Amino acid sequence: MVLTILITCSVLFLFQKIILLVVPGLLALMIYYCLRPLVDRLVLRGVRHEIAVTATVAVVLVITIGIFLRTAPLLLTRAAQLQNTAGHYLSGGQNLLRKTIDVLEEAAPVLKRASLGKQVDLQIKDYTDQFAKRHLGTVVLELLKWLPSLFLVPYLTYFLLMDSTRLKKFLIRSIPNAFFEKSLLLFSRLDDSLRSFFQGLVLLTFLDTICLAAGLFALGVSPAFVLGLAAAILSWIPYLGSAIGCIMVVLVAASDFPDHPSIAYSCLALFLLVRLLDDFVFLPLTIGRKLHIHPLLSVLMFFLGATVAGGTGLVLALPVLGVVSVVGEIVAQVVMDRRLRSRYRAARLLATTRSQPGTPSQPVPNVSLTREA
Amino acid sequence: MNLFSTLANREKVEKLRNLDVFRDLTFKETLEVDELLHERVYEKGEIVFEEGDMGHGIFVVVSGKVRVDPSQELLKSTVLEFGPGEMLGELSLFEEAPRFATVAAVERTVMVALLRAEFSSLLTKNTKIGVKILVRLSSTMSRRVRNLLLGQRITPSL
């Protein structure tokens, strides 16, 4: 376990250095697993693999570009008003918090005596006043920095769809004969697990979006679908993403209905309900519970990830830990197999003997003797 | 570049179609199967698989020769060497069961391996190819079982 944590931290540290490649790579892998059934279906109908891949990627690209072109004017208008919009939502949130503290102070006078409301007000006012100046520019620049690397996603997806079998063959070729059959089997199982994970994740996102959008629509919060989708995508980041999604929706509700804090509280309740649905109904139906990571280890990994690789570590800590655990298990199964190890040693000995010039031809050994006692 | 790749493909396809199990496949089908095959080279004396190993797929000898070392009395009377075109481990294409015998290379041997999981995906994606391979496999297996029952010295199914 300690080794797994150490490897995870090293991987996170490395990922932080190449984060602009890691994120498009992960997105491409997810899209690859979602599009592969479509390509397979086309191939099954007699379409050549190359044509099936090109057609699938082209259709998805055209749809994505179409959506982008339709939403771009709206996004640009919003972006121009970003500073005002951010201020509006933050003051909405501040208003809600103030009202909540008032209720709490009325219920518990000790809080009033401690001037809790005033202190919180001061802190938040200082933060919200300076927010646009301090952070907004950085956030916009960060988003712009990500744009070119996101253009890699369709290219990587196309490459994976086109050449994943060849890539797998290339990787398998480097594995010694002794470990080959077992490695190939475990490789295939890993591929199956990743496929069901990514396909499940997309299905889970769809279910979350539908539930959240329906709930927000019923509460009168708009745009319900966009908020539901954004929150569902944010929840890909374990724990932290869900919290950010929840805060985002509550801020929107609090700003749009400043005189009805009950709507913001209802949004909070909706979020909790969807989380419960996620944990007990949707998750077992879609992704399953294949990666059993102890909650304590999850929290530990958050801290370690954040320390080693900052924000990247925080976001990628659990997914990387999951992958390292699975791959570690596979490598351990292959390398720790005594029979396979002894077979590998015997094969190396044979190769060395063969490469030495002038070595007389060896008789074929009794194969059963090479087994480890 | 295209010319060279076509020539290389032609050579590869011819090599594969010389193997009994892929004999019925067309040029295009053979290329598709080739995507799933893993070529392995075994040095003289190197073990291909051992008795008791879980079988996950078949091996077909492309060139060279391998020797079978079964512990079961019934199999000891059978031919102990497999040459080019012969397949080994075909039973494991249908069920995950331990290998019946140990197989090692008698000389430098080139083999191609087809894993059960990949064969299953081929059966789903391209039934026509799958059926052609299955027919060849079945005919080899039935010939071996018949010969075994008749007590003839012929390669067994592993």
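Guide: Happy to. A salt bridge here is a side-chain nitrogen of Lys or Arg within 4 Å of a carboxyl oxygen of Asp or Glu. Please keep in mind that this is a predicted model, where local features need pLDDT of at least 70 and side-chain atom pairs count only at pLDDT 80 or more, while totals for chains, interfaces and linings use all residues. Residues are numbered from 1 along each chain as its sequence is written, chains are lettered from A and ligands numbered from 1 in the order in which they are written, and side-chain values use heavy atoms, with hydrogens and water left out.

The contact (heavy atoms within 4.5 Å) draws 32 residues from chain A and 41 residues from chain B. Together the chains bury about 3100 Å², 51% of it on carbon and sulfur atoms; buried area is the accessible area (1.4 Å probe) that two parts lose on being put together, summed over both.

Now for the individual pairs. Arg343(A) and Asp53(B) join their side chains in a salt bridge, 2.6 Å from N to O. These two also belong to a network of salt bridges that links Arg339(A), Arg343(A), Glu50(B) and Asp53(B).

Another salt bridge joins Lys168(A) to Glu118(B), at 3.1 Å from N to O. This pair crosses between chains, from helix 7 of chain A to helix 4 (residues 116-125) of chain B; helices are DSSP runs (H or I, at least four residues), numbered from the N terminus. Both Lys168(A) and Glu118(B) are buried (under 20% relative accessible area, with exposed over 50% and partly exposed in between; 1.4 Å probe, protein chains only).

In one of them, the closest N and O atoms of Asp34(B) and Lys12(B) are 3.1 Å apart. Asp34(B) sits in helix 2 (residues 27-34) of chain B and Lys12(B) in helix 1 (residues 2-17) of chain B, so the pair ties together parts 22 residues apart in sequence. Asp34(B) is buried, at 12% relative accessible area, whereas Lys12(B) is partly exposed at 32%.

Glu29(B) pairs with Lys132(B) in a salt bridge of 2.8 Å, N to O. Glu29(B) is in helix 2 of chain B and Lys132(B) in helix 5 (residues 127-149) of chain B, so parts 103 residues apart in sequence are tied together.

Key: Helix = DSSP H or I, 4+ residues; strand = E, 2+ residues; numbered from the N terminus.
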